[in-house]
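Hi,

Here is the model I said I would pass on.

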Amino acid sequence: LSGARGQLGMWFTDDQGIGMDTSLFGVEQNTSTDIFQSYNSPAIGRPFLNSETGAENAQLVAAPGILGGSFKIQEITQFYGGDLNLRYGLIRGQYWTLDAITGFKYLSLRDRLSLTENLYAYGGDGNRFPDGTAGSGITVMDQFSTQNNFYGGQIGGILGLHLNRWQFDTTLKLAAGTNQVHANILGNTTVTGANGAVTNYTGGLLGQRSNIGA
């Protein structure tokens, strides 16, 4: 993934004895989407592990003459962070410098996985929405999202080499702190009858009443 990083700093004293710097970075949001669909043939099954029996199973998304539908998988990832430091000038030589830093670091990683089924029941004559058939349209949604936030203090050093107008710097940082993890599970099923009536149910396929929530 491509991204960007910026850094800003300043010295508080003329002899570069103490100063500060801050940096921010972020990568582009990564979105991955896959769609599988069939409205007559071939058959499509969505595999899952049955938690009651422990056996592998599959939920039909499409089956000739019975169901037509689509299955959409979307994953979104975001990553960004930054730090704020005090910088101390330790050594100022003719060709090289050595600085120490102490500060605070923050990192955030977010992921979301959405799984959506749109199913359509077929009648004996092959019509998509046969009159009088209850539950002719079904939408099943599962969503899993996580957020990881790191907060920590850090220490490090910056070694600089200088030759005429050329300058090379290398930085080493070590951060230690706490990582807060938040997870959220959603699940919902919507049934649309042939008469247009809509009924919502809590729970999808993977997100059930037993595990949805934060």
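Let me start with Asp-99, which forms a salt bridge with Arg-92, the closest N and O atoms being 2.7 Å apart. By salt bridge I mean a side-chain nitrogen of Lys or Arg within 4 Å of a carboxyl oxygen of Asp or Glu. Before going on, the ground rules: this is a predicted model, so local features need pLDDT of at least 70 and side-chain atom pairs count only at pLDDT 80 or more, while totals for chains, interfaces and linings use all residues. Residues are numbered from 1 along each chain as its sequence is written, and side-chain values use heavy atoms, with hydrogens and water left out.

Back to Asp-99: this residue is buried at 3% relative accessible area, whereas Arg-92 counts as partly exposed at 34%. The cut-offs are under 20% for buried, over 50% for exposed and partly exposed in between, with a 1.4 Å probe and protein chains only. Asp-99 also meets Arg-87 in a salt bridge (2.9 Å, N to O). That pair links distant parts of the chain, with Arg-87 in strand E6 and Asp-99 in strand E7, 12 residues apart. Strands here are DSSP runs of at least two residues, numbered from the N terminus.

The structure holds six salt bridges. Another of them joins Asp-83 and Lys-105 (3.7 Å, N to O), again from E6 to E7 but 22 residues apart. Asp-83 is buried at 5%, and Lys-105 is buried at 18%.

Then there is Arg-46, in strand E4 (residues 44-49). Gln-59 lies in strand E5 and is partly exposed at 23%.

Now the nonpolar side. The largest nonpolar core has seven residues: Ile-44, Val-61, Ala-62, Leu-67, Phe-71, Leu-115 and Leu-119. E5 (56-62), E6 (67-92) and E7 (96-121) each give two or more residues to this core. A core in this sense is a set of buried Ala, Val, Leu, Ile, Met, Phe, Trp, Tyr and Cys residues joined through side-chain atoms within 4.5 Å.

On the surface, Leu-90, Ile-91, Tyr-95, Trp-96, Leu-159, Leu-161, Leu-163, Trp-166 and Phe-168 form a nonpolar patch with about 960 Å² of accessible area together. Patch members have over 30% relative accessible area and no salt bridge, with nonpolar side chains (Val, Leu, Ile, Met, Phe, Trp, Tyr) joined within 5 Å; the areas come from the Shrake-Rupley method with a 1.4 Å probe, and for residues only the protein chains shown count as cover. Strand E8 (137-163) gives the most to this patch, with three residues. Tyr-95 sits in the loop between E6 and E7 and is partly exposed at 46%.

One last thing to check is Asn-164, in the loop between E8 and E9. Its phi is near 55°, a positive value in a residue other than glycine, and Asn-164 is exposed at 76%.

Cheers

Note on methods: Helix = DSSP H or I, 4+ residues; strand = E, 2+ residues; numbered from the N terminus. Patch = residues over 30% accessible without salt bridge, like charges linked within 9 Å, V, L, I, M, F, W, Y side chains within 5 Å.
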